[in-house]
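Hello,

Here is the structure I promised to pass on.

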Amino acid sequence: MKRKHIYLAGGCFWGTEHFFKQIAGVVETEVGFANGLTPNPTYEQVYTDATGYAETVHVVYNPDEVTLEFLLRMFFVAIDPTSLNKQGHDEGTRYRTGIYYTDENDLPVIEKVYADEQAKYTQTLAVEKQHLRNFFLADDFHQDYLDKHPDGYCHLPKALFDFARKAKC
């Protein structure tokens with residue numbers, strides 16, 4: 001099976017991870033912290049907003065089943081792309097939105113989807129587009145959090161998870 005990777009910051013990583021896990025063709029997810037300043041940050045350190053990290057989901061997908069373009073379009077469905085450092089009730093730089101890539105060949109697709117989304121708004125999108133500089137896994141407690149705690153807090157409405165489950169590439 002082919003595997004490709006993209007890193008997406010969509011606010012609180014619990015809901016963002018659960019959202020992407022519902023999409024056919026996504027084969028693995030893990031939550032962590034991307035593009036910050038310090039090595040091996042803890043959740044508590046990132047929570048202070050002093051480390052420069054964004055809560056991020058590493059999405060592994062099979063490109064024979066789902067395209068990067070489709071995943072990015074779904075990403076924009078799940079976020080408010082004009083909100084700076086805030087998604088839902090969650091505020092702080094750790095909750096900023098971003099698309100972090102590792103493969104330069106993905107950049108034209110990222111730019112295309114970003115431009116299409118920007119055309120829908122009069123204000124500039126607040127979504128970062130950057131090469132992934134670093135990514136550190138969050139602790140086990142935060143991995144698959146909404147699977148372990150189905151009634152746990154989430155900034156995304158449950159209907160969005162159903163939407164993702166039924167979405168077709």
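The axes of helix α1 (residues 13-21) and helix α6 (residues 158-166) come within 8 Å and cross at roughly 30°. Axes are lines fitted to C-alpha atoms, for helices over the stretch in contact, with angles from 0 to 180 degrees between N-to-C directions. Helices (H or I, at least four residues) and strands (E, at least two) are DSSP runs, numbered from the N terminus. The crossing makes α1 roughly parallel to α6 (angles under 35 degrees count as such). Gly 15, His 18 and Phe 19 of α1 meet Leu 160, Phe 161 and Ala 164 of α6 (contact means heavy atoms within 4.5 Å).

This is a predicted model: local features need pLDDT of at least 70, side-chain atom pairs count only at pLDDT 80 or more, and totals for chains, interfaces and linings use all residues. Residues are numbered from 1 along each chain as its sequence is written, and side-chain values use heavy atoms, without hydrogens and water.

Next, the sheet. It is open, with six strands in the order β7-β6-β1-β3-β2-β8 and mixed pairing. Two strands pair if DSSP finds at least two bridges between them. β7 (128-131) and β8 (135-137) are the edge strands, each pairing on one side only. The twist averages 35° from one strand to the next. Strands β1 (residues 4-10) and β3 (residues 54-61) run antiparallel, joined by five bridges. Tyr 7 stands opposite His 58 in β3.

Finally, Ile 23. Leaving out residues up to four places away in sequence, Ile 23 touches Val 66, Phe 70, Leu 71, Met 74 and Ala 164.

Best wishes

Definitions and conventions:
Angles under 35 degrees count as roughly parallel, over 145 as roughly antiparallel, 65 to 115 as roughly perpendicular and the rest as oblique.
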